[in-house]
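Let's take a walk through this model together, from its charged pairs to its helices and its surface. Please have the sequence and the 3D view at hand.

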Amino acid sequence: MGDPGAGPAGAATTEKRTERRAAEEAAPPPPRVALALAGGAPEGAIYEIGALRALDECCDGLDLNRLFLYVGVSAGGFINACLANDLTTAQMCRAIVSHEPGEHPFVPETFLTPSVREMRRSLRALPRLLGEALREYARKRADLTLLESLTRLGRALPVAVFDNEPIRAYVEKIFRLKSRTDDFRQLGKRLVIVAADLDSGQAVCFGEPGMDHVPISRAVQATTALPGLYPPVEIDGRHVVDGILLKTLHASVALEAGAGLVICINPIVSVDTVHAVERGYMQGGNLVELGLPTVLSQTLRTIVHSRLEVGMAAYAAKYGKSDVILLEPERDDYLMAFTNIFGFSERRAVCEHAYHSTRRYLLAHHDAISEVFARHGVILRRDVLLEERDLWEQVGLSRAARRLPAPAPPSRPLPSPTSRPSPSAAAGPSASVVQRLDDTLSRLEQLVAQQARPAAAAEHLERLEHAPAVETA
């Protein structure tokens with residue numbers, strides 16, 4: 001028999017294949033646009049969702065679910081994992097303030113589950129350490145004081161306040177729904193979640209070859225394990241903690257991989273309180289008056305952001321052929337600095353605020369940013385930025401759903417997410433009762449907040465909740 005590819009028909013087919021291959025080789029490669037997200041705890045994640053939604057609406061040629069590479073640290077690792085798993089920005093916005101059928105509800109209290117395991121470990125170790133300290137004092141009484149011997153008891157202090165196992169279980173549930181995956185190798189996209197090896201101080205890049213066998217949910221648990229708040233996560237014999245210990249963004253991972261454009265979002269900036277009193281966010285102008293948590297927060301923000309500034313300058317020098325765009329709050333963004341996102345109305349306000357402030361920033365710097373975007377096939381639409389838009393209308397959320405928290409199981413005592421009832425279990429007659437209760441609690445939170453802060457801040461929050469147009473905050 002002859003060759004089936006021989007003859008006029010076979011020759012024509014071969015010629016067409018050759019022409020198609022030549023055309024594919026001659027065509028410019030697809031834009032290599034990457035997304036790098038920093039941490040910032042739950043409020044940082046909510047800020048990033050609002051900012052991403054603003055980008056999603058005003059950029060043609062930018063599909064946030066089909067990027068060249070996703071790099072995430074801490075809370076940013078979770079958000080990028082969601083995008084790589086095809087959750088849209090509209091879905092994530094709706095999840096903050098409502099419960100969609102078939103989705104696992106957003107439960108902020110998951111992040112504040114007390115670490116009973118660490119407390120038990122500390123109590124068990126205390127008698128042994130006390131005995132060792134007393135024996136040491138008895139042996140070395142001439143060299144040691146009793147107080148110096150008792151410093152050994154410091155080993156009994158818990159290494160964490162909160163438990164991060166519920167966080168892992170929560171993320172795992174999200175990524176096991178529908179067609180999503182908890183396996184880096186099955187994503188079909190390049191996702192890198194960066195954490196830090198506590199014992200060596202080296203970066204651990206989950207999702208890269210050699211570390212892609214670790215479940216995504218476990219990687220998120222590790223990269224959000226901020227020392228002191230959450231315990232280190234043991235993975236392959238290594239104790240892994242929050243990647244923010246090394247760098248704020250780790251955008252260099254995307255740049256090293258060959259990204260032409262890296263869009264960075266960083267919610268962590270140090271706050272400048274110079275206008276905080278006149279805008280009604282503080283009684284006095286000193287952060288010390290707000291206590292230790294606020295002082296520690298400002299300290300961490302300052303360290304993290306100053307390091308980011310150094311890193312951004314280094315990117316420009318080392319990766320001159322690539323473009324890096326950074327989006328972050330202003331230093332006088334008091335809503336981000338002083339808002340507790342564990343209340344329903346506050347979560348809604350932070351997301352809406354991030355959405356509008358990002359739109360304002362993109363409009364104010366339209367010419368410079370659009371020139372950069374255009375080099376990578378992305379069009380920043382001024383006409384969209386000029387429109388007065390309501391975030392919740394854009395994501396398809398009804399007015400009723402915006403006003404009322406979604407039905408959810410009681411949050412006290414704090415249970416593990418694995419013990420929460422399914423959405424169908426909460427859909428009976430008790431759902432309306434829970435909804436009314438949540439609505440009442442939400443309004444009570446607002447009343448208490450209005451009493452606790454000056455009237456100016458209360459009016460500011462009220463405007464954020466009800467104004468349909470872009471608003472200055």
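The side chains of D383 and R381 form a salt bridge, with 2.7 Å from N to O; the term stands for a side-chain nitrogen of Lys or Arg within 4 Å of a carboxyl oxygen of Asp or Glu. D383 is partly exposed at 39% relative accessibility, and R381 is partly exposed as well, at 29%. Here, buried means under 20% relative accessible area, exposed means over 50%, and partly exposed lies in between (1.4 Å probe, protein chains only).

A word on the source: this is a predicted model, in which local features need pLDDT of at least 70 and side-chain atom pairs count only at pLDDT 80 or more, while totals for chains, interfaces and linings use all residues. Residues are numbered from 1 along each chain as its sequence is written, and side-chain values use heavy atoms, with hydrogens and water left out.

How many salt bridges does the structure hold? The count is 20.

| Pair | N to O distance | Relative accessibility |
|---|---|---|
| D383 and R381 | 2.7 Å | D383 39%, R381 29% |
| D86 and R66 | 2.6 Å | D86 39%, R66 53% |
| E57 and R53 | 3.0 Å | E57 12%, R53 11% |

Let's look at the E57 pair. E57 and R53 are 4 residues apart in helix α2, so about one helical turn separates them. Helices (H or I, at least four residues) and strands (E, at least two) are DSSP runs, numbered from the N terminus. In general, an α-helix has 3.6 residues a turn, so residues three or four places apart point the same way. E57 counts as buried because its relative accessibility is 12%, and R53 is buried at 11%.

The D86 pair has another setting. The side chains of D86 and R66 meet in a salt bridge. D86 lies in the loop between α3 and α4 and R66 in the loop between β2 (59-60) and β3 (69-73), so the pair ties together parts that are 20 residues apart in sequence. D86 is partly exposed, whereas R66 is exposed.

Helix α3 itself (residues 75-84) is mostly covered, with 10 of its 10 residues buried. Among these buried residues are F78, I79, N80 and L83.

Now back to α2 and its packing. The axes of helix α2 (residues 41-58) and helix α4 (residues 89-97) come within 9 Å and cross at roughly 140°; axes are lines fitted to C-alpha atoms, for helices over the stretch in contact, and angles run from 0 to 180 degrees between N-to-C directions. From α2, I46, I49, L52, R53 and D56 meet T89, A90, M92, C93 and I96 of α4, where contact means heavy atoms within 4.5 Å.

Which residues does S122 touch, leaving aside its neighbours within four places in sequence? They are A156, L157 and P158. S122 sits in helix α5 (residues 116-139) and counts as buried, because its relative accessibility is 7%.

Finally, the surface. L292, in helix α10 (residues 292-318), is exposed at 58% relative accessibility.
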